[in-house]
Amino acid sequence: MTFGELSIVSDAERSADVRADEPSECHALSIEEFRALGGSRPDIKLVLLENLLRNASQTAMRLTRELAALASKQD
């Protein structure tokens, strides 16, 4: 699971807070570290970007389905 990824790719402030329901282990990657991966470990950066794109795509599809369901209820 990831969070805060949009702030890394858009160079903006995070738009939400995160709370865990149970004890969790979390790893952080700063914007500077993420950018440096392009030079030091482009293979890792590519995998991270692919995962971020997959998550964004899944979110967009879910929101599209939810909007379609809401629109059909109004008809």
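Q: How many helices and strands are there in the chain?
A: Helices (H or I, at least four residues) and strands (E, at least two) are DSSP runs, numbered from the N terminus. Here the chain has 3 helices and 0 strands, in the order α-α-α from the N terminus on. The model is predicted: local features need pLDDT of at least 70, and side-chain atom pairs count only at pLDDT 80 or more, whereas totals for chains, interfaces and linings use all residues. Residues are numbered from 1 along each chain as its sequence is written, and side-chain values use heavy atoms, with hydrogens and water left out.

Q: Is Ser 7 buried or exposed?
A: Buried means under 20% relative accessible area, exposed over 50%, and partly exposed in between (1.4 Å probe, protein chains only). Ser 7, in helix 1, is buried because its relative accessible area is 11%. Of the chain's 75 residues, 9% count as buried. Arg 35, in helix 2 (residues 31-40), is partly exposed at 47%.

Q: Which residues does Ser 7 touch?
A: Contact means heavy atoms within 4.5 Å. Not counting residues up to four places away in sequence, Ser 7 touches Ala 12, Glu 13, Arg 14 and Ile 31. A polar atom of the Ser 7 side chain also lies 2.5 Å from the backbone oxygen of Gly 4. Arg 35, leaving aside neighbours within four places, is in contact with Asp 11 and Lys 45.

Q: How much space lies in the largest pocket?
A: Rolling a probe the size of a water molecule over the atoms shows where empty space is left. On a 1 Å grid over the protein atoms alone, a pocket is an open set of points where a 1.4 Å probe fits, with protein on both sides within 12 Å along at least five of seven lines; lining residues have an atom within 4 Å of a point. The largest pocket holds about 660 Å³, a volume being the space filled by probe spheres set on the points, which are joined across faces, edges and corners. Its lining has 20 residues, of which Met 1, Thr 2, Phe 3, Cys 26 and His 27 lie nearest the centre.

Definitions and conventions. Polar contact = N/O pair within 3.5 Å; in protein donor to acceptor, adjacent residues only side chain to side chain.
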